[in-house]
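Grab a pencil and work through these exercises one at a time. Each comes with a solution that goes step by step.

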Amino acid sequence: MTVQTASRAIAASAFQVMLLALFQIAFLATAARGEIVEYWRDMPFERQVRAINPTCMPQEYVQIERNYAFRVIEAAIDQCVTANVTEKQVKKYSYLITRSIADPATASFTVGELSTDGMKCVLKTFVDASDQINDMQKQSLKSAVDGVIAVKDWAGFLLGIPDLASTDKAKATEATISTLLNLRDRMPEAQSFADSVMQAAELGRNYMGDLFLGEREIAMNAVAYNADQCRYADARQYLVKARAAADKECVYAGHSYRQHELNLRRYILNNQSRITSPYIGQGYVKGNSARARYNDLVRYVQEAKETLRGFEQIYRALDQTEEELFNKGRRFFDKQYDYRYQAHQVRASLEGGNVCRAFDKLQSILDQIPPECHPVYFNKKGIGEDMVRPAVLAAELYQVEQRRNAQWWDEADKIAALFRQCKEDEGYARISALQSRINANPIQYAMGGQCKTLASQDLRDRLNAFAPGENCAQTIVPGIEGKKLSVALTMLSKASLLPLGSPVMVDPQSGQAGGIVIVADPAPGDGVTIWTGVALTVTNEPPDAELVSVPQVVGKSETDALTLLASADLAVAVEDSTPADKLDFTPGMVYGASHATGAMVAPQTVVTLNIYGPRPMIEIPGITAPDIPGANSKITAAGFIAGPPALGEPAPDEGGSGAEPGAEPGAVYGTVPPAGSVVEMFSPVQPLVYGPRATGVETRPIPEVLGKPAKVAIGLVTQDGFFSIGSVSPGDPVGEGEKPGTVQTVIPGQGTPQVKGTIVTLRIAMPRVQQAPEIAQENPPETTPDAGSDAGPDAGRGAGRGDSWVGRWTLEAVPGAATKGLDKPMVMDIARIDGKLSLKLFVQKDGAWEDRFTLLMAVDANNVLRTHPDMLREFKRSIKPSQGTNGVMDEVGGKIADTILQLLETLKISRVGNICTLNMTDQKKGPQSIGFSCFKTGPSQQ
């Protein structure tokens with residue numbers, strides 16, 4: 001039974017009792033003349049109430065015609081209401097005083113009132129109203145009032161009055177005064193206190209109960225609301241409040257009952273003869289008003305009884321609600337564990353074929369929980385990490401299936417390559433194997449609470465469409481041996497064949513003419529696939545007399561160009577007045593020649609070479625900025641390359657001496673190398689930023705690593721994980737007393753206190769003359785060589801923007817640095833194709849080279865590689881909107897596509913000497929910077 005139902009039952013019962021009481025009063029009103037009317041305590045009723053709650057039935061009020069509480073209020077209103085103290089203040093002081101006695105915890109509320117004259121007057125009425133102390137004692141207590149006693153003496157002072165000497169007396173006085181004051185509030189102030197109390201008692205006898213009207217109901221409404229949301233712990237807390245409110249109501253109902261009982265007893269004592277004797281007027285019998293008043297007081301007592309009896313149903317309803325909350329909470333917790341177990345089963349099945357059955361069972365468990373309970377149901381506290389929503393598991397399944405689907409499509413691409421290579425038998429065998437894998441474990445996905453199987457029809461259609469290509473047709477190598485080269489090339493074209501690279505030129509033998517094909521491989525008459533390359537060997541034309549050919553020297557280093565010209569029996573003049581004051585210009589690189597490549601000139605002809613001179617030496621200016629982008633702009637404007645930021649000293653304390661405006665953690669306050677250093681133009685310069693303030697956190701000094709080998713220094717910095725290494729980069733050539741490979745600079749400075757997690761930057765002393773190391777390479781997968789490429793260190797610089805990047809590069813971690821991703825041999829192959837730069841990355845794995853990816857690149861004015869705009873546009877067009885209805889798969893796919901797009905849009909590869917730096921921005925990790933060594937080892941093989 002709910003509390004509201006119990007309240008309605010109480011109201012109905014009270015109505016029946018009121019009818020019964022009216023009949024009883026009517027009978028009593030006809031009592032015989034001289035009847036003795038008495039009141040007897042209902043002891044069985046009191047025992048019944050105490051069985052419900054002992055605090056609901058206070059001790060019987062002492063029978064005094066004008067009891068202590070009445071006399072206190074009557075005297076306070078009669079004596080203290082003056083021009084300076086209103087009746088409202090009197091009532092306030094009286095209530096505060098009695099509450100301070102009954103509940104000492106509330107005594108602090110009276111602190112601000114103790115010194116007022118109004119409060120002192122009311123306190124004195126508490127003394128005067130007592131009939132159990134003599135005049136001398138009263139005078140002594142009232143003197144204490146005038147002396148403004150301390151708050152800590154408040155309880156002791158009042159409890160010194162015998163009428164308030166015990167807790168029960170104090171509570172009885174409080175209840176009575178509270179009731180009397182509330183009754184008095186309903187009457188005009190001009191009316192006497194006694195008359196107003198008697199009249200108000202007839203109009204508002206149940207005011208005491210109204211003091212807490214709605215408090216229990218509000219708490220029970222909160223219980224019901226939280227129970228509907230499955231927040232059973234919160235519901236139980238509100239149930240505690242509801243029970244406390246019920247206790248409070250019950251206690252006040254008990255005091256109200258005692259007050260009505262006392263009023264009835266007092267009225268019988270004072271009006272015995274009037275109650276039992278009818279009043280007879282002149283010629284007719286008038287109603288006995290005393291008897292009517294008596295009947296009203298009897299009814300009030302009966303109503304107070306029924307109010308107290310009703311608390312039995314209220315407490316029963318509270319107990320029943322508490323039991324229901326406990327049982328519901330336990331069942332709810334059990335369902336959480338069922339869901340957690342099944343969620344674990346789903347995760348364990350993501351790679352298998354039973355995942356849909358596990359998903360369906362998970363959804364059936366969740367369907368038993370109302371949607372409004374989901375926020376609490378999925379709370380992980382005390383349950384475990386497997387308490388996740390189905391949408392999260394659906395996203396995990398999507399990622400697993402996407403990986404498998406990607407593997408299938410990758411296999412389809414490999415099958416397509418087999419068909420392009422005319423390996424049909426192997427292609428058909430792999431198609432059959434892949435179709436078996438698809439049928440055995442198809443792609444499954446969860447959407448809208450249901451798990452379904454994907455037909456993978458697009459993939460199946462592609463596999464079914466594979467067939468031998470037209471390029472696999474056969475042809476016969478024609479008889480081209482003995483033919484002129486031009487005739488042979490025409491014959492090859494008609495036979496759908498191609499020449500394999502440039503012909504091999506040999507001197508003609510006796511009787512052989514020049515320009516004749518003497519060998520073809522495959523040989524004439526051999527059956528081959530169309531568009532096969534045929535290698536040709538051709539005789540040389542007779543040389544021109546007394547002339548030499550000018551070799552290709554543009555794009556070569558000065559040393560290589562001098563060697564080539566000397567070998568061609570040519571003289572050299574060098575013009576090096578053009579400084580290498582642009583990033584594209586390489587010191588010592590030939591960018592022009594007085595004679596074109598291939599020109600036939602007389603021996604010892606002077607060929608003038610135009611080469612770039614050394615880079616200008618410039619001074620690093622003082623650079624400060626509130627953020628990294630601002631500092632990078634200043635570094636670039638000054639003619640240097642902005643390197644990754646280096647962490648320096650902790651930021652100065654706020655407001656501390658010497659603190660510059662904006663000197664916050666992350667603000668740039670210097671550079672590495674420092675301002676005033678004179679270095680080559682376009683040298684790397686790192687912004688030096690303030691580190692976090694060390695106040696209130698653990699700090700340690702940066703270890704002493706200057707002059708130590710790089711490997712030893714890294715071990716000292718990272719030995720217990722308190723600091724980490726950010727970058728290890730080449731420094732300046734060794735100075736006096738320095739050794740190559742040792743730490744030259746440490747940022748932040750060694751010995752400076754830094755917080756945990758500080759990133760330390762090391763710069764390593766380099767030899768005075770640095771040469772690119774010779775590294776033995778295992779060649780990546782062979783492709784047809786580019787006959788026009790060269791193997792110079794920076795070949796092709798003059799051919800077009802970015803051609804200094806064209807070639808094959810070996811990538812290595814910077815000495816002493818643990819750069820993630822460069823722990824395996826890598827090769828970067830860059831070629832210019834159709835006016836664009838094609839970048840291929842090869843990684844050696846298990847002894848074989850793997851082609852990881854290919855990107856189209858463009859180069860900016862600073863010779864920095866970026867993703868080509870055409871590739872970005874093509875990628876954006878390739879992102880097709882999904883036709884799903886759930887949105888889960890769309891969301892995951894969209895996030896992956898956005899991540900890849902951001903990486904491509906922010907990708908930058910810069911190079912200074914043999915140091916390359918890759919920068920990009922990741923959505924989760926933010927800006928990323930990776931430094932590595934890069935050495936050009938030969939021409940591109942694309």
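**Exercise 1. Number the bonded cysteines of the chain in sequence order and write down the pairing.**

Solution. With that numbering, the pairing reads 1-5, 2-3, 4-7, 6-9, 8-10, 11-12. Searching the whole structure turns up 6 disulfides, a disulfide being a pair of cysteine sulfur atoms within 2.5 Å. Such a link is a covalent bond between the sulfur atoms of two cysteines.

Some ground rules before going on. This is a predicted model, where local features need pLDDT of at least 70, side-chain atom pairs count only at pLDDT 80 or more, and totals for chains, interfaces and linings use all residues. Residues are numbered from 1 along each chain as its sequence is written, and side-chain values use heavy atoms, with hydrogens and water left out.

**Exercise 2. Find the disulfide of cysteine 230 and cysteine 373 and describe its handedness and what it ties together.**

Solution. Start with the distance: the sulfur atoms of cysteine 230 and cysteine 373 sit 1.9 Å apart. Next, the torsion about their S-S bond is about 70 degrees, so this disulfide is right-handed. Now place the two ends, using helices (H or I, at least four residues) and strands (E, at least two) as DSSP runs numbered from the N terminus. Cysteine 230 is in the loop between helix H11 (215-228) and helix H12 (232-270), and cysteine 373 is in the loop between helix H15 (355-366) and helix H16 (374-377), so the pair ties together parts 143 residues apart in sequence.

**Exercise 3. Cysteine 422 and cysteine 472 are joined by a disulfide; work out where each one lies.**

Solution. Their S to S distance is 2.0 Å, and at -100 degrees about the S-S bond the link is left-handed. Cysteine 422 lies in the loop between helix H17 (390-420) and helix H18 (424-440), while cysteine 472 lies in the loop between helix H19 (457-465) and strand S5 (474-476), so the pair ties together parts 50 residues apart in sequence. Cysteine 422 has 21% relative accessibility, so it counts as partly exposed. Cysteine 472, at 13%, counts as buried. There's one more thing to note at cysteine 422: its phi is positive, about 65 degrees, although it is not a glycine.

**Exercise 4. Look up the backbone at proline 522, proline 673 and aspartate 569.**

Solution. Aspartate 521 and proline 522 are joined by a cis peptide bond, with omega about 5 degrees. Proline 522 is in the loop between strand S8 (517-521) and strand S9 (527-529). Valine 672 and proline 673 are also joined by a cis peptide bond, with omega about 0 degrees. Proline 673 sits in the loop between strand S19 (668-672) and strand S20 (678-680). As for aspartate 569, its phi is positive, near 60 degrees, and its relative accessible area of 35% makes it partly exposed.

**Exercise 5. Which strands pair with strand S27 (residues 807-813), and in what sense?**

Solution. Two strands pair if DSSP finds at least two bridges between them. Strand S28 (residues 826-833) runs antiparallel to S27, with 5 bridges. Strand S34 (residues 926-938) also pairs with S27 in the antiparallel sense, over 6 bridges. Now zoom in on tryptophan 809: its bridge partner in S28 is methionine 828, and its bridge partner in S34 is lysine 936. Finally, 5 of the 7 residues of S27 are buried, so the strand is largely enclosed by the rest of the structure.

Terms used
Buried < 20%, exposed > 50% of the residue type's maximum accessible area, 1.4 Å probe, protein only.
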